Amino acid sequence: MTNAVDRLNQAGTRLTEPRRRLARLVDRQPGPFTAADLLSTVEQESRPIGRATVFRTLALLEAEGVVERIDLPNGDHAYVACAGGRHHHHAVCVECGRVTDLPDLDVGLDVAELSRRSGYEIQAHRIELFGRCADCRR
């Protein structure tokens, strides 16, 4: 997977130093993370990054497909780094937090049928599956 800084460069995004630092921080996340996680880390650095910059950068990273927002079962949301370029879904381990990218699994066919039945022009969908990964089940 190409790193976040390179992907923003490829998209033609202006890369300020705070954006670079946040993109590198996103690349180092081992699993799902929140804006609060990023804020906590950057507040401990000698050159902290403002709260608004963190949220704007997350929005930019999401718009460029570098991260995807996932909705957690408790109603909170987090972000995961994504390879981008292809539609996929996520399986999230409720014990260790591991996130696994899953292929589309032909859900698009069912979405087309839902569109036909409901009369909605469905433009996008997102699926997160929650359970215990193989390691945690052992």
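## Where helix α2 meets helix α4

Pro18, Arg19, Leu22 and Val26 of helix α2 touch Thr53, Val54, Thr57, Leu60 and Leu61 of helix α4, where contact means heavy atoms within 4.5 Å. Sorted by class, this meeting place holds 6 nonpolar, 2 polar and 1 charged residues. Here Ala, Val, Leu, Ile, Met, Phe, Trp, Tyr, Cys and Pro count as nonpolar, Asp, Glu, Lys and Arg as charged, and the others, Gly among them, as polar. Helices (H or I, at least four residues) and strands (E, at least two) are DSSP runs, numbered from the N terminus.

Two packed helices are described by the angle between their axes and the distance between the axes. For α2 and α4, the angle is about 65 degrees and the axes are 10 Å apart. The axes are lines fitted to C-alpha atoms, for helices over the stretch in contact, and the angles run from 0 to 180 degrees between N-to-C directions. The crossing of α2 and α4 is right-handed. A crossing is called right-handed if the near helix is turned clockwise from the far one by less than a right angle, and left-handed if anticlockwise.

## About the model

This is a predicted model, in which local features need pLDDT of at least 70 and side-chain atom pairs count only at pLDDT 80 or more, while totals for chains, interfaces and linings use all residues. Residues are numbered from 1 along each chain as its sequence is written, and side-chain values use heavy atoms, with hydrogens and water left out.

Helix α2 covers residues 17-27, and helix α3 covers residues 35-43. They pack at an angle of about 120 degrees, with axes 11 Å apart, and their crossing is right-handed. Leu22, Leu25 and Val26 come from the α2 side, and they meet Leu38, Thr41 and Val42 of α3. This contact has 5 nonpolar, 1 polar and no charged residues.

Which residues of α2 are buried? They are Arg21, Leu22, Ala23, Leu25 and Val26, where buried means under 20% relative accessible area, exposed over 50%, and partly exposed in between (1.4 Å probe, protein chains only). These buried residues pack against α1 (4-10), α3, α4 (51-63) and β1 (67-71).

## The whole chain

The protein chain has 6 helices and 5 strands, and from the N terminus on their order is α-α-α-α-β-β-β-β-α-β-α. Its C-alpha atoms fill a box of roughly 55 × 40 × 25 Å, taken along the principal axes.

Of the 138 residues, 31% are buried. The chain exposes about 8600 Å², and carbon and sulfur atoms supply 48% of that area; accessible areas come from the Shrake-Rupley method with a 1.4 Å probe, and for residues only the protein chains shown count as cover. Among contacts with a separation of 6 or more, 46% are between residues 24 or more positions apart.

## Strand β3 and its neighbours

Strand β3 (residues 88-93) is largely enclosed by the rest of the structure, because 5 of its 6 residues are buried. Strands β3 and β4 (residues 99-103) run antiparallel and are joined by 5 bridges, while β3 and β5 (residues 128-131) pair in the parallel sense over 4 bridges. Two strands pair if DSSP finds at least two bridges between them. In the hairpin of β3 and β4, 5 residues lie between the strands, and Gly97 takes a positive phi near 85 degrees.

Now look at individual residues. His90 stands opposite Asp101 in β4, and Val92 stands opposite Phe130 in β5. His90 counts as buried, at 1% relative accessibility. Leaving out residues up to four places away in sequence, the contacts of His90 include Glu68, Ile70, Val80 and Ile127.

## Buried or partly exposed?

Val67 is in strand β1. Is Val67 buried or exposed? Val67 is buried, with a relative accessible area of 0%. Beyond residues up to four places away in sequence, Val67 touches several others, including Val26, Leu58 and Leu61. Val67 and Ala81 are 14 residues apart along the chain, and 4.3 Å separates their C-alpha atoms.

Ile127 sits in the loop between α5 (107-118) and β5, and is partly exposed, with a relative accessible area of 28%. Ser118 lies in helix α5 and counts as partly exposed at 40% relative accessibility.
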